[in-house]
Amino acid sequence: MLFFFFVLGILIWPVAEYSLHRHLGLNFRKNNLFYKEHTRHHSEPNYFAPVFYKLIATVFVLFFFSLVSQIVFGNSLYTFLFLTGFLSSYLFYEYTHYSIHRFAPWTSWGVRVRKHHFIHHYENPKSNFGVTQNLFDHFFKTLVTKKGPVMVPQKFKPVWWNESKSHSV
C-alpha cells in the first residue's frame with residue numbers, strides 16, 4: 001500500500017508538467033515568472049531558468065501538493081511518499097528537458113522525445129506541451145507529429161550539434 005502513494009506521485013507529475021507548460025507558459029496571465037522564463041527559453045533554447053527560480057517554484061508546488069495530499073490522504077507518511085514520487089518524477093523531467101537541449105540522444109526514446117519537444121520549440125509552440133511524455137497531448141488534442149525532420153534554425157542549434165550535421169531532427 002505504501003508503494004502505491006509513491007507511484008501515485010510519479011504519475012501525477014506528468015499532469016502538472018503538461019498543465020504548467022500549457023497554461024502558465026502560454027495561456028495564463030503573461031506577467032508571471034514562469035511565462036517570462038518559458039518565453040526566454042524559446043527565444044534562447046540553450047537558456048534554462050536559474051536554479052534559484054526552480055527551487056522557489058518547487059517549494060511552492062510541493063507546499064501546495066503537501067496540503068492537498070494531507071487533506072486527501074489524511075496521513076503524513078502517505079503524503080511524504082506521494083511527494084517523494086512527485087519530486088522524483090519532476091527531477092526526471094528536469095534532467096530530460098536539459099538533456100534534450102544539451103546532449104545528443106543515445107536511445108530511440110531520446111530521439112522521439114527530442115523530436116516531440118523540438119516540434120513545440122521550432123514549429124508549433126501551441127502543441128506538444130509534455131516533455132517526458134505525450135499522453136496528455138493526445139488526450140487534449142495538442143499533439144503534433146511529423147514524418148520528416150524538424151528544421152532547427154542555425155541560431156538555435158543545440159550546443160551539442162556538430163557543424164557537419166544537417167540542422168534538422
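Of the 14 residues lining the second largest pocket, Tyr-95, Ser-99, Trp-106, Trp-109 and Gly-110 are the closest to its centre, a lining residue being one with an atom within 4 Å of a point.

Please keep in mind that this is a predicted model, in which local features need pLDDT of at least 70 and side-chain atom pairs count only at pLDDT 80 or more, while totals for chains, interfaces and linings use all residues. Residues are numbered from 1 along each chain as its sequence is written, and side-chain values use heavy atoms, with hydrogens and water left out.

Helix α4 gives the most to the lining of the second largest pocket, with five residues, and α5 supplies at least two; helices here are DSSP runs of H or I with at least four residues, numbered from the N terminus.

Let me turn to α5 itself. Helix α5 covers residues 108-122, and its 15 residues should span 21 Å at 1.5 Å a residue, which agrees with end C-alpha atoms that are 21 Å apart; the expected span is 1.5 Å times one less than the number of residues. Eleven of those 15 residues are buried, so α5 is largely enclosed by the rest of the structure, where buried means under 20% relative accessible area, exposed over 50%, and partly exposed in between, with a 1.4 Å probe and protein chains only.

The largest pocket holds about 930 Å³ of space. Its lining has 35 residues, with Leu-20, Leu-24, Phe-34, Ala-57 and Tyr-90 nearest its centre, and α3 contributes the largest share, ten residues.

Finally, how many salt bridges does a search of the whole structure find? There are three, each being a side-chain nitrogen of Lys or Arg within 4 Å of a carboxyl oxygen of Asp or Glu. In one of them, Glu-94 pairs with Lys-54, the closest N and O atoms being 3.0 Å apart. Glu-94 lies in helix α4 and Lys-54 in helix α3, so this pair ties together parts that are 40 residues apart in sequence. Glu-94 counts as buried at 16% relative accessibility, whereas Lys-54 is partly exposed at 22%.

Definitions and conventions
On a 1 Å grid over the protein atoms alone, a cavity is a set of points where a 1.4 Å probe fits but cannot get out, and a pocket is an open set with protein on both sides within 12 Å along at least five of seven lines; lining residues have an atom within 4 Å of a point. Grid points are joined across faces, edges and corners, and a volume is the space filled by probe spheres set on the points.
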